[in-house]
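Here is a short briefing on one protein model.

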Amino acid sequence: MKTARDVCAVDLHVFGSEGKSNQIKDFFCRRLKNRTLIELSPDKYVPSWLYQGTKAWQSLNDDEKKRLNDIFAKVNAKNEKLWQAQAEQIFDALIPYTKMIPCGEDLGVNLACLAPTMEKYGILHLNVVRWTRDWSTDGQPYIPFENYCPLDVTTTSVHDSTTIRQWWTEERESARAFEKAFGPKPKVSKSADVLAKEKPMLADGDFSPKVAAFVLEKSAETAGAWFINPLQDWLSLEKKYWQKEEQDERINVPGSVSPFNWTYRMSVPLETLLKDEKLSAKIKEIAKLHDKEKSK
């Protein structure tokens, strides 16, 4: 067994109930994730995505870690040329022959050839607002929306992330940083203590339709050409459409195999949404904010 999919495919009911079977599978899945190297074929290995956090990696001394990291870097540099050549071969065969606008899902692995190749072919980037920050600067500030590249798709969430409702609830520091970056700017003459007493931060309270509107309205100010959000984030504008638990609105948890992934369904019929003039009006007003920014 080499992957979590292999583990889940094994019938373990001989060991007891379904609950016991799932416990055994979860144990082996955790062991698989704790591998430093993944065997592709005899004597051929690649490092796992989170190899630096594995138990085996922690058992190595500094010299051993450096030697392995040097090997990984050398292989990656060689692969960069292969990845770029393959990408250009595919794009040359596709992009000139369609009127569709190409958009790249450039999250995850940050290849050195990624940005210049996308720019060369005019491929739109995908910016998930909560992750679009200057990670190399102290405090990791959010990138101002006016600085987003015009060749961008801006979104509040993706299928592999939490919704803005769950993000606001579980990642308070990220939410506070968002509010400090894009919320109303306090008067300089007033101290932090006075400001806190006058108007507490939204990020210190519970998620609400007001918070949803704040996040969506500010995100709509992006300079990116496209502003496309998951349905769940739009539905968060009306509490009656919320599911009971925030996590139930999520689509997928990457790196996991479970009965939950990819089972999300709308909590209300489409016909009901079509008749909801209040929600439609809210969405239209937010869309106008983006249209206004693009026309500047």
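Three strands make an open sheet in the order E3-E4-E5, with parallel pairing. Strand E3 (125-128) and strand E5 (226-227) are at the edges with a single partner strand each, so one side of each has no neighbour in the sheet. Strands here are DSSP runs of E of at least two residues, helices are runs of H or I of at least four residues, and both are numbered from the N terminus. Two strands count as paired if DSSP finds at least two bridges between them.

This is a predicted model: local features need pLDDT of at least 70, side-chain atom pairs count only at pLDDT 80 or more, and totals for chains, interfaces and linings use all residues. Residues are numbered from 1 along each chain as its sequence is written, and side-chain values use heavy atoms, with hydrogens and water left out.

**Sheet**

- E3 and E4 run parallel and are joined by four bridges; leucine 126 stands opposite valine 153 in E4.
- Strand E4 (residues 152-155) pairs with E5 in the parallel sense over two bridges, and valine 153 stands opposite tryptophan 226 in E5.
- From E3, His125 and Asn127 point one way while Leu126 and Val128 point the other way, and all are buried (buried means under 20% relative accessible area, exposed over 50%, partly exposed in between, with a 1.4 Å probe and protein chains only).

**Nonpolar cores**

- A nonpolar core is a set of buried Ala, Val, Leu, Ile, Met, Phe, Trp, Tyr and Cys residues joined through side-chain atoms within 4.5 Å.
- The largest nonpolar core has 31 residues, and Trp167, Trp168, Phe178, Val215 and Leu237 have the most contacts inside it.
- Elements giving two or more residues to this core include helix H6 (164-170), helix H7 (172-182) and helix H9 (209-219); H9 gives the most, with six residues.
- Another core, of five residues, lies apart from it, and Leu124, Leu126, Val153 and Val158 are among its members.

**Loops with positive phi**

- Glutamine 140, in the loop between E3 and E4, has a positive phi of about 45° although it is not a glycine. Glutamine 140 counts as partly exposed because its relative accessibility is 33%.
- Tryptophan 262, in the loop between H10 and helix H11 (270-274), is likewise not a glycine and has a positive phi near 65°. Tryptophan 262 is exposed, with a relative accessible area of 52%.
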